[in-house]
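Trainee: Before we look at individual contacts, could you show me how to read the layout of a model like this one?

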Amino acid sequence: WATQFMGSYSMNWVAQQIVYVLRNDVFGHVLKLPQSEYHRNASGRIMSKIIFDAQQVTSAGTDAIIVIIREGLTVVGLFGFLLWQNWKLTLILVAVAPLIGLVMNITSKRFRKISRRIQSSMANITHFLGEAIEGSGEVKIFGGQKQEADRFHNVSRSFAKQNVKLNASKIASTVIVQLFVAVGIGAITYLYIHLMGEDLTVGGFLSYIAAAGMIQKPLKQLTDVNVKVQRGVTGAASLFELLDTEQEVDTGSYAVATKADGNIDFEGVTFGYDPASPVVRNLNFSIKAGETVALVGRSGAGKSTISAMLPRFFDPDQGRILLDGVPLPEYQLGELRNQIAMVSQRVVLFNDSVRNNIAYGELRSADDATIIKAAQDAHAWRFIE
Ligand SMILES: Nc1ncnc2c1ncn2[C@@H]1O[C@H](COP(=O)(O)OP(=O)(O)OP(=O)(O)O)[C@@H](O)[C@H]1O
Ligand SMILES: [Mg+2]
């Protein structure tokens, strides 16, 4: 009992350790993705990979390994006993094995396909929740509750449906394998006795059949666990796909001595989110240090896009941008962004203390006086106090 406890406990510990490391790795990678990847991969999809897919990998890694080792050994043991009892008959029985292999192969593919669908349903759910909760104000003002509820029913139903399908396939595959084994054992033993005229003592026959029957249970467990293994495989594939996406290019080595002057030059800059249809075309302008400049234009003209190119959220397809005469890619990325402050149309408050929201990131170690001064300058100190 104690060893069983220790066994389960340590397997579980290892499993949690694996999810922990995996999640951290993936999240660390996600933090360094280029901005365009966040637009391409909806945030919900990334979240569901880190939360859901990582979990799939571990349950495959632990439960499955326990079952495979335990039941696998049982099968090997029973098979040895059968060989010892009557090797000729047993070798003929092995003829059923390719059929089992075939069933396993076909069902594995199906499991993987359904698992991928389950993953993308899960991604839809997290994506949907993110949108609806973030936009809860809009949902209420415009009376969208009914519509949101309906949309959620849809994504949620599809998730449930895929799970039911997966379980149905699992049961079907187990039943088919069992059927093959049972019919195989029966038919072959019958033929063996009748056609080959071998003598079998009643006792020998019974113990043989009993052992052959006993192999069914571990085989069932092995076919059952295949679902978990396949879910783990697709989970891992999805995580590795994310890990394989290129990170932001940060090859520059130029570091600013203290603070950049702030001369900005755009030289023949062309850029489009889809390079085939540029948002800005051959853009040239210079801003001298100390100047205050406003970009004015109709919605969608490209103002935000132009500003997003300064901290290199996006790089120009053609032309170049210089800060104090040095092209942006030559700066160390963190160093360049250190020179830039940004207040976006979207206000982000992190779920953390007021202090940590003011002294975010690099400014974390700022002392209290500096933080209070910043709050005062922003006319925010009165209500914080
Ligand atoms: N992430 C993106 N992916 C694809 N296209 C985008 C993306 N962001 C903006 N666009 C497109 O690029 C063009 C310029 O958008 P941008 O946000 O720079 O305009 P803007 O001048 O800041 O508009 P607004 O005044 O509404 O803020 C628009 O046609 C927009 O649809
Ligand atoms: Mg804008």
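Mentor: Domain bounds here come from an automatic or database domain assignment, and on that basis the chain is divided into domain 1 (2-244) and domain 2 (264-348), whose C-alpha centres lie 49 Å apart. This is a predicted model, in which local features need pLDDT of at least 70 and side-chain atom pairs count only at pLDDT 80 or more, while totals for chains, interfaces and linings use all residues. Residues are numbered from 1 along each chain as its sequence is written, chains are lettered from A and ligands numbered from 1 in the order written, and side-chain values use heavy atoms, without hydrogens and water.

Trainee: At what angle do the axes of helix 1 and helix 9 cross?

Mentor: Two packed helices are described by the angle between their axes and the distance between the axes. Helices are DSSP runs (H or I, at least four residues), numbered from the N terminus, and axes are lines fitted to C-alpha atoms over the stretch in contact, with angles from 0 to 180 degrees between N-to-C directions. The axes of helix 1 and helix 9 (residues 216-244) come within 9 Å and cross at roughly 35°. Contact (heavy atoms within 4.5 Å) involves Leu22, Asp25, Val26, His29 and Val30 of helix 1, and Leu239, Leu242 and Leu243 of helix 9.

Trainee: How many salt bridges does the structure hold?

Mentor: Side chains of opposite charge can pair when their charged atoms come close. With a salt bridge taken as a side-chain nitrogen of Lys or Arg within 4 Å of a carboxyl oxygen of Asp or Glu, the structure holds 11, including that between Arg151 and Glu131 (3.4 Å, N to O). Arg151 lies in helix 7 (residues 145-196) and Glu131 in helix 5 (residues 97-134), so this pair ties together parts 20 residues apart in sequence.

Notes. Helices (H or I, at least four residues) and strands (E, at least two) are DSSP runs, numbered from the N terminus.
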